[in-house]
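Please report on how this protein chain is put together. Begin with its core, then take the helices that build it.

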Amino acid sequence: MQVEEAKILLGFPPNSRPDPSQVKAAYRKKVWESHPDLFPDDQKIKAESKFKSISEAYSCLESGDVKGQRYSRAGVYSRVVKTGVPRTYAYAKRGNAWLIGAPFLLIVLGTIGLGGVKANRAYNMQKQTFPSHNPFLP
């Protein structure tokens, strides 16, 4: 499927350059209108073919690769497509992983410490209130 056909099928002008969010919104709208389960039995075949063509158009516009042709959306997405992660996030993640781990570790240890202090205080209060000579009872 050609890019221009896919754009027309999803409701865009042929010479437009829709954003990925616009493509996704148009795809969801068109799929909802042409889903085969919404039609009676005598119209299901036609709805199925339209549904498949809309799905093909979406995959054509979303992948950006059409029979050897490259459909580039913007220069911003070129790094994301190649590596899977934007450049700024990839470099920031390498050196600052401890910034996420250290506070989490402090929160966990603080919670355990405070919980232990509260449990010990409750145990001592109960022991003073109800003294027992049996070492197995509190």
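## The nonpolar core

A nonpolar core here is a set of buried Ala, Val, Leu, Ile, Met, Phe, Trp, Tyr and Cys residues, joined through side-chain atoms within 4.5 Å. Buried means under 20% relative accessible area. The model is a predicted one.

The largest such core has 13 residues. Those with the most contacts inside it are A6, L10, F12, V23, Y27, I54 and L61. The largest share, five residues, comes from α3. In soluble globular proteins, nonpolar side chains tend to be buried together.

## Overall layout

The protein chain has six helices and two strands. Along the sequence they follow the pattern α-α-α-β-β-α-α-α. Of the 138 residues in the protein chain, 17% are buried. Take the contacts between residues at least 6 apart in sequence: 45% of them join residues at least 24 apart.

## Helix α1 and the residues after it

Helix α1 covers residues 3–10, and its buried residues are V3, A6, K7 and L10. Seen down the axis of α1, these buried residues fall within an arc of 100 degrees, so they line one face of the helix. An α-helix has 3.6 residues a turn, so residues three or four places apart point the same way.

G11 follows α1 and has a positive phi, near 95 degrees. Then there is F12, one of the core residues with the most contacts. Which residues does F12 touch, leaving aside its neighbours within four places in sequence? The contacts are K7, P18, Q22, V23 and A26. Of these, V23 is also listed among the core residues with the most contacts.

## How α1 packs on α3

The axes of α1 and α3 come within 9 Å. They cross at roughly 125 degrees. The two helices are therefore oblique to each other. Their crossing is left-handed.

From α1, the contact is made by V3, A6, K7, L9 and L10. From α3, it is made by S53, I54, A57, Y58, C60 and L61.

## How α2 packs on α3

How do α2 and α3 lie, and at what angle do they cross? Their axes come within 10 Å and cross at roughly 175 degrees. An angle over 145 degrees counts as roughly antiparallel, and α2 and α3 are therefore roughly antiparallel to each other.

On the α2 side, the residues that meet α3 are P20, V23, K24, Y27, K30, V31 and S34. Their partners in α3 are A47, K50, F51, I54, S55, Y58, L61 and E62.

R28 is found in helix α2. Is R28 buried or exposed? R28 is exposed, with a relative accessible area of 55%. R28 and S55 are 27 residues apart in sequence, and their C-alpha atoms are 9.7 Å apart in space.

S49 lies in helix α3. S49 is partly exposed, with a relative accessible area of 44%. S49 and S34 are 15 residues apart in sequence. In space they are 9.3 Å apart, C-alpha to C-alpha.

Methods:
Residues are numbered from 1 along each chain as its sequence is written. This is a predicted model: local features need pLDDT of at least 70, side-chain atom pairs count only at pLDDT 80 or more; totals for chains, interfaces and linings use all residues. Side-chain values use heavy atoms; hydrogens and water are left out. Buried means under 20% relative accessible area, exposed over 50%, partly exposed in between (1.4 Å probe, protein chains only). Helices (H or I, at least four residues) and strands (E, at least two) are DSSP runs, numbered from the N terminus. The arc is that of the directions from the helix axis to the C-beta atoms. Contact means heavy atoms within 4.5 Å. Axes are lines fitted to C-alpha atoms, for helices over the stretch in contact, and angles run from 0 to 180 degrees between N-to-C directions. Angles under 35 degrees count as roughly parallel, over 145 as roughly antiparallel, 65 to 115 as roughly perpendicular and the rest as oblique. A crossing is left-handed if the near helix is turned anticlockwise from the far one by less than a right angle, and right-handed if clockwise.
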